[in-house]
Structure formats: C-alpha cells, structure tokens
Amino acid sequence: TVSITAKGSDAPEPIIRGEIITIEWTSAYADTCTGTNFDTGGATEGSVEDTPLQTTPYSITCEGSGGVTPDSVEVQVINPELSVGLSADPNPSNTTQEVTLTAEVDGSETGNINYNFWWNCSDPAVSVSDAIAVCGNPVSPSVGTKFDGISDTTRTASHTYSDRGDYVAKVIVERGDAPPAEDRVDISIESDELFIESCNVS
C-alpha cells in the first residue's frame, strides 16, 4: 500500500501561488517509490517541500513484493489578489489648497509595493505603461509621482491644482506576481474666492 498527502491531506485546500507546501508519502511492503512532479530519491517514505506555481498533480508509484501501487494528490493553486482604493482630501478643494491623495492596498499578495500616482488621468488602464502612453509619466512632477519598493500598504501623495475645474486622480499599484490594481477618484477644484464664498454661505 502507498499513501501521498499534501499539506497533511489527500484533498488539500487551495493555496496561493508562491506558498510552500509539504508532500508526504508512506508505503508498506515496498522496495522503492518514484514520484511525478517531485523527487522521492527512491525512498519508500519521506517528505519534500515544493512551491507550485500552478495547479499541480503529485503522484507516486511504489514497487515491491506486493506489486506496483500508485497514489496521487492534486494541489490547486490560485493567483494572489491585489486591490487598491484611492481617496482625496479635501475634496472639493481650491486653487491654493493642497490635495492629499491616499492609496490603501489590500489583498493576499505580499512583498513591497510600487505606487504610481497621476494628478489627472481618467484612463482605466491597469498597466503602468498603458497609462503612461495616455496620461504621461508620473515621474514628472507636473504629471504625478511614483514610489517604488514601499513596505507600507498605505501611501499618500500631495498636489496643488492651480486651475479651477474637474480632475480625475489615479493610482496604479504593483506588488509581487499579482496583476496590477488601479483606482481613480473625482476631484473638484474651485477658485479660491468661490471656495471661500461657498463655505461662508453654507
């Protein structure tokens, strides 16, 4: 007889890509065992660690006096998730007041984060290169700002909109192997005189 498990189960829960798992096997009356998608080294029992990047079946075949006996287990791998929310404060604002954009990252992906802010970019692109093609490069202070390799899941960026009007601020975040995530927020900018007048009226 032979038995193989992953994460201590013959029907393990799905894992997130990049997670380390332990494959364990045991057998009885076997002289040698051979694994598929993992190496037994011929041992009739043991354990190995693996980091599958996609859904992977692990199978083992043991041979001995009782004949040839197989067993298998499948590990389902799901992609890590990444999301971001963007807010602006104060909003509405005026042409002399600094607006602070706050990006908050969530999801199961881990590692440092790249934050890409645009002061005005309504394009829905999730790819940084696609957004740059439409809205310009955020490394330019007139276009936006960029922070790479940040460990914090919250990042702020401040900008003063010198012209009255409606704007759409945008952020794209990149983290690990997860697909990039983006969010946008509408911002209304009034002239300083109109903003003060509306505040007095209210």
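Let's start with Ser93, whose side chain makes a polar contact with the side chain of Gln97, at 3.4 Å. Ser93 belongs to strand S10, which covers residues 93–94. With a relative accessible area of 0%, Ser93 is buried. Keep in mind that this is a predicted model.

**Aromatic rings**
- There are 5 aromatic pairs in the count.
- Take Trp25 and Phe38: their ring centres are 5.5 Å apart and their planes meet at 55°, so this pair counts as tilted.
- Trp25 sits in strand S3 (residues 21–27), while Phe38 is in the loop between strand S4 (30–36) and strand S5 (46–50), so the pair ties together parts that are 13 residues apart in sequence.
- Trp25 and Phe38 are both buried.

**A charge over a ring**
- Over at Phe147, the charged end of Arg155 sits over the ring, 4.3 Å from its centre.

**The protein as a whole**
- You'll find 2 helices and 16 strands in the protein.
- The radius of gyration is 27 Å, well over the 17 Å that the globule rule gives for 202 residues, so the protein is more spread out than a compact globule.
- Along the principal axes, the C-alpha atoms fill a box of roughly 95 × 35 × 25 Å.

**Surface and contacts**
- Of the 202 residues, 35% are buried.
- The protein exposes about 10,700 Å², with carbon and sulfur atoms supplying 44% of that area.
- Looking at contacts between residues at least 6 apart in sequence, 61% join residues at least 24 apart.

How values were computed. Residues numbered from 1 in each chain as written. Predicted model: local features only at pLDDT ≥ 70, side-chain atom pairs only at ≥ 80, totals over all residues. Heavy atoms only, no water. Phe/Tyr/Trp six-rings, centres within 6.5 Å; stacked < 30°, edge-to-face > 60°. Helix = DSSP H or I, 4+ residues; strand = E, 2+ residues; numbered from the N terminus. Buried < 20%, exposed > 50% of the residue type's maximum accessible area, 1.4 Å probe, protein only. Lys NZ or Arg CZ within 6 Å of the ring centre and 35° of its normal. Polar contact = N/O pair within 3.5 Å; in protein donor to acceptor, adjacent residues only side chain to side chain. Rg over C-alpha atoms; globule rule 2.2 N^0.38 Å. Contact = heavy atoms within 4.5 Å. Areas by Shrake-Rupley, 256 points an atom, 1.4 Å probe, with all protein chains shown as cover.
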